[in-house]
Amino acid sequence: MFKLDYFSGGVYPNPNKNTLFYPTKRLNQFPVVRIPMSMHIGPPCSCIVKKGDQVLVGQMIGEPTKEPSVPVHSSVSGTVRSVHKEVASSGRSVVVAEIESDGHFTFHPDVKPPVIHNRNEFIRALRDSGLVGLGGLGYPTYAKLQPKEGRKFDTLVVNAADSEPYITADFRQCVDHPDEIIDGIRAVMRYLDIPVARIGVEKNKPQAADVLLYELEKVKHTAGAHTSIYLDRLPLIYPQGAEKMLVYSLTGRKIPSGGESGDVNVLVLNVSTVRFISKYLKTGIPLIRRRLTLDGSALRTPCNVNVPIGAPIPDVISAAGGILDEEKDSVKIILGGSMMGVALDRADASVIKYYRALLVFGKKEAEVPPEAVCIRCARCLKACPMKLVPATLDKMARHKDIEGLEQYHVRDCIECGCCAYVCPAKRYLVQSIRNGKTHIKQARIKEETRQ
Ligand code: SF4
Ligand code: SF4
């Protein structure tokens, strides 16, 4: 039996899981939604509706053009008010369909459970569902289900770690829908012929582990049930939920530099993703809603919400309780968690498929301390779970040293933020390393156009 092992590096930020025991509020009161045609990694969809069209819930409004891509569906019923370009919350300039909701949420007649007999139909159905990884990166799930040539998945790893501070959306998913999570895991194992599944839950969320174990016990006695589903309680360390760390912690396999989990025969799915799969197989309702954690010092009532995709972020914040009066003019909104999230630079952006949290911080936390000179303390080196040398990468990125960045494996950086978190000089390490990756991409494009 494999003995659990843990990765080196990592940090111990305050978990700030303030919303663990607040039931999720389902919010629908949005007069208008703005749905971007790109909410995934991959080529954007082509918008197939126009101003004045009537649309229904679950109707496809964005069609994939090239692989890997997933369709976009309407999250409300109503009238298309405009189709225009804008900078979405993903930071990219994309085509957006603005839809005025009629408030009735009438479903499109095509929304019905998919008919699936085999692996290919399962993958095709997940593509049609518009599903992307709900753990934060937005890669189309159907594309992840197809291992590379010569590889076969032998283990499904389910990420229920919720290791990033503040975020409790996945915890709530476990507590509210443990049956659907186990059902989704079994469906993936069945259709993809994966013999073993391992669920990873951090130790500070025993309630999530308990309800999942209870469900597992129940299905043991079901005919044809996969019983090779295990649950492991993981130590509390960030970034336990990052794919490479989780795979190592749960299987002992090291994903090679530049590689992915499929290289070690492991498929990793987020707990919300497997729950969605279960629900979609039963109802055929595509990915049109998102569960989000709303937290931060400037909010009146931290909570979890379930909102239609495309709901304007300011409206979501107001509907969930709003911002404290004294913080109104100075808030900083982060999409995602406090370690890996990105600051929102436009107030009227909308909810997209893959962000799990909206953090609203007040004046004190919104202040970015000035950078000081690196004192070569090596704290960033010790904290890096990928065993990179952040201070050197930072220097190289600032000097656009492409060769050096490649030699020091900049692309293995998972942008977890551990280095910046421990840095006494408050260096903008993640930002700088991210720029380094962009320099490499740009240099490649330049080279290709020269050839
Ligand atoms: S932690 Fe900051 S100050 Fe220390 S070596 Fe790294 S970059 Fe330099
Ligand atoms: S270099 Fe990248 S992977 Fe390493 S700690 Fe910094 S952000 Fe995380």
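**View 1. The shell around ligand 1 in the predicted model.** Ligand 1 is surrounded by 14 residues, and the closest are Cys374, Cys377, Cys380, Ala391 and Cys423. The elements giving two or more residues to this shell are helix 10 (379-383) and helix 11 (390-398). By class, the residues of the shell around ligand 1 are 11 nonpolar and three charged, with no polar residue among them.

**View 2. The shell around ligand 2.** Around ligand 2 there are 15 residues, of which Cys384, Cys413, Cys416, Cys418 and Cys419 come nearest. Two or more residues of this shell are given by helix 13 (418-422) and by helix 14 (429-450), and helix 14 gives the most, with three residues. The shell around ligand 2 holds 13 nonpolar residues, together with one polar and one charged residue.

**View 3. The crossing of helix 4 and helix 5.** The axes of helix 4 (residues 178-192) and helix 5 (residues 206-220) come within 9 Å and cross at roughly 60°, and the two helices are therefore oblique to each other. The crossing in which helix 4 passes helix 5 is right-handed.

**View 4. The residues in contact between helix 4 and helix 5.** From helix 4, Pro178, Asp179, Ile181 and Ile182 meet Val211, Leu212, Glu215, Leu216 and Val219 of helix 5. The residues of this contact comprise seven nonpolar and two charged, with no polar residue.

Note on methods:
Residues numbered from 1 in each chain as written. Chains lettered and ligands numbered in written order. Predicted model: local features only at pLDDT ≥ 70, side-chain atom pairs only at ≥ 80, totals over all residues. Near = placed C-beta within 6 Å. Helix = DSSP H or I, 4+ residues; strand = E, 2+ residues; numbered from the N terminus. Nonpolar A, V, L, I, M, F, W, Y, C, P; charged D, E, K, R; others polar. Axes fitted to C-alpha atoms, helices over the stretch in contact; angles between N-to-C directions. Parallel < 35°, antiparallel > 145°, perpendicular 65-115°, else oblique. Left-handed = near helix turned anticlockwise from the far one by under 90°. Contact = placed C-beta atoms within 7 Å.
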